[in-house]
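Please open the model in your viewer and follow the stops below in order. Each stop names a selection and then describes what is found there.

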Amino acid sequence: SLQLNRDWEKAQQQIVMHASKIVGIGEIGLDYKWAQTQEQRQRQKQVFEQALELAERLQKNVVIHSRKAEDDVISV
């Protein structure tokens with residue numbers, strides 16, 4: 001999870017640094033085929049929410065991915 005946190009932080013920094021050249025953020029969402037434990041699913045939700053907040057702050061479109069998680073994607 002520490003590596004995932006570092007990777008996500010680095011991705012956010014890159015998005016912010018290059019925001020003027022970016023038209024959208026994607027593919028973001030939830031994939032419950034691979035995240036099967038509640039802990040894994042909760043972590044995916046956290047990152048998904050953060051990505052949506054970043055897109056909103058930067059006024060960027062998003063491309064959403066959802067697999068076996070449609071209800072949770074809609075609720076987020």
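**A guided tour of the model**

The protein chain has a mean pLDDT of 94, and 99% of its residues reach 70 or more; pLDDT is the predictor's confidence in each residue, from 0 to 100. This is a predicted model, in which local features need pLDDT of at least 70 and side-chain atom pairs count only at pLDDT 80 or more, while totals for chains, interfaces and linings use all residues. Residues are numbered from 1 along each chain as its sequence is written, and side-chain values use heavy atoms, with hydrogens and water left out.

**Stop 1: helix 1**

Select residues 2–17, which form helix 1. Helices (H or I, at least four residues) and strands (E, at least two) are DSSP runs, numbered from the N terminus. Among the elements of the chain, helix 1 has the lowest mean pLDDT (89), and strand 2 (residues 61–67) has the highest (97).

Which residues of helix 1 are buried? They are Trp-8, Gln-12 and Ile-15. These residues lie on the same side of helix 1, because they cover an arc of only 65 degrees around the axis, the arc being that of the directions from the helix axis to the C-beta atoms. On the other side of helix 1, Leu-2, Lys-10 and Met-17 are exposed. Buried means under 20% relative accessible area, exposed over 50%, and partly exposed in between (1.4 Å probe, protein chains only).

**Stop 2: the nonpolar core**

Next, show strand 1 (24–31) and helix 2 (38–58), against which the buried residues of helix 1 pack. The largest nonpolar core has 13 residues, and those with the most contacts inside it are Ile-25, Ile-28, Leu-30 and Phe-48. Such a core is a set of buried Ala, Val, Leu, Ile, Met, Phe, Trp, Tyr and Cys residues joined through side-chain atoms within 4.5 Å. Helix 2 gives the most to this core, with five residues.

**Stop 3: Asp-31**

Select Asp-31, in strand 1. Asp-31 counts as buried because its relative accessibility is 10%. A polar atom of its side chain lies 3.0 Å from the backbone nitrogen of Lys-33. Not counting residues up to four places away in sequence, Asp-31 touches Gln-44, His-65 and Arg-67 (contact means heavy atoms within 4.5 Å).

**Stop 4: backbone details**

Finally, inspect Glu-27 in strand 1. Then move to Gln-59, in the loop between helix 2 and strand 2. Gln-59 is not a glycine, yet its phi is positive, near 55 degrees.

Terms used:
The expected span of a helix is 1.5 Å times one less than its number of residues. A polar contact is a pair of N or O atoms within 3.5 Å; within protein, one must be able to donate a hydrogen and the other to accept it, and residues adjacent in sequence count only if both atoms are side-chain atoms.
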